[in-house]
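This report describes the strand pairing, nonpolar cores and ring interactions of one protein model.

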Amino acid sequence: MNKNGVERKKRRGSQFGKWITGFIILVIVLTFFSRTLYNLNLPTVTLSNAKQGNISHDISGSSYISYHDTWNIYPKVSGRIENIAVSAGDLVSEGQVLMTVMTEAGEEADITAEKDGIILVIGIQEGMYVMSSQNTVVCRMASANGKWETEITISQDQFNELEAGAAAKIKVDAVSDGISGKIERTLSYSGADTEEKYTAVIVFESTEDLTGRQAAVTIPRQSDRFNAIIPSYALHKDTNGYYVYSVEEKNSVLGLQYIVCRVSVDILDSDDTSAAIMGVTEDMPIVEAATSELHSGMRVIYKESGA
């Protein structure tokens, strides 16, 4: 082979090598960009793990506030009310004259305060005739000792579970901080529609004048401790029951992939925001949210909750 032939062969070999190198680079670039473009179209999921904790079963309600210690004043003699010496809202002392009765014998008899307190209601008017035997309420009083009460409606189950002395939190309009109280008693009675009603009476203390104000009451109640609690929005249901989505790692020629899988679960307890479930492990990643609808076997990309 002459010298020119050798040179031509070398040039062809060099060009072929360059072509092969370019082809390999092109394949790499196309593979990278195709994978990147594919990943951009994958749903993004937010993952977290189930946590140990309790489910909240707080009992709440609202009602008006009244004095805690109240009592009625009755006439001890019969006669006509000659004079009423006090008005509703007056603070009176033990033994203070509240009103005077003119008896049938023409004698004046005073009705006095049995103990210190505030006048809530005057039940009669001057000139009215009262009889001691009829237990006419001439006056209703309360102790102005800073003790208050409010009463909220509860369910039958709550009535059966609640105990006297259980803690309660009372929030009153215009009072910035919540007030601590406790359940004094629970009551059951038949309503006007003959249906059984249940209430809880909560007592608390405050130096504020709260009579007639509205109170929002919360009675904290918690479940036993559970091993796996998830947000309610991570829980799904279909005709086969409740389930959550998890993500499994899978190695492929394109690298590490993340695949959605369905995990059937049982609900042990729940509240408005969380659910205690059985069927997952502590280290199992749970899908909290996704950018599109999921199904088992789907590829996804993920981020940690809070990231």
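Four strands are arranged as an open sheet, in the order 9-8-6-11, and their pairing is antiparallel; strands pair here if DSSP finds at least two bridges between them. Strands (E, at least two residues) and helices (H or I, at least four) are DSSP runs numbered from the N terminus.

Strand 6 (residues 79–84) pairs with strand 11 in the antiparallel sense over two bridges, and R80 has Y129, in strand 11, as its bridge partner.

## Basis of the model

The model is predicted, so that local features need pLDDT of at least 70 and side-chain atom pairs count only at pLDDT 80 or more, whereas totals for chains, interfaces and linings use all residues. Residues are numbered from 1 along each chain as its sequence is written, and side-chain values use heavy atoms, with hydrogens and water left out.

## Nonpolar cores

The largest nonpolar core holds 22 residues, of which I152, I170, I202 and I219 touch the most other members. A core of this kind is a set of buried Ala, Val, Leu, Ile, Met, Phe, Trp, Tyr and Cys residues joined through side-chain atoms within 4.5 Å; buried means under 20% relative accessible area, exposed over 50%, and partly exposed in between, with a 1.4 Å probe and protein chains only. At least two residues of this core come from each of strand 13 (147–153), strand 14 (167–172), strand 15 (179–190), strand 16 (196–205) and strand 17 (214–219), with strand 16 giving the most, namely four residues.

Leaving aside neighbours within four places in sequence, I170 is in contact (heavy atoms within 4.5 Å) with G178, I179, S180, G181, I202, F204, A215, A216 and V217. Another core, of 17 residues, lies apart from the largest one and includes I73, V92, M99 and I124.

## Aromatic rings

The structure holds three aromatic pairs, defined for rings of Phe, Tyr and Trp (its six-membered ring) by centres within 6.5 Å, with planes under 30 degrees apart counted as stacked, over 60 as edge-to-face and the rest as tilted. The ring centres of F159 and Y198 are 5.0 Å apart and the planes lie at 45 degrees, so this pair is tilted. It links distant parts of the chain, 39 residues apart, with F159 in helix 2 (residues 156–161) and Y198 in strand 16. F159 counts as partly exposed, at 22% relative accessibility, whereas Y198 is buried, at 12%.
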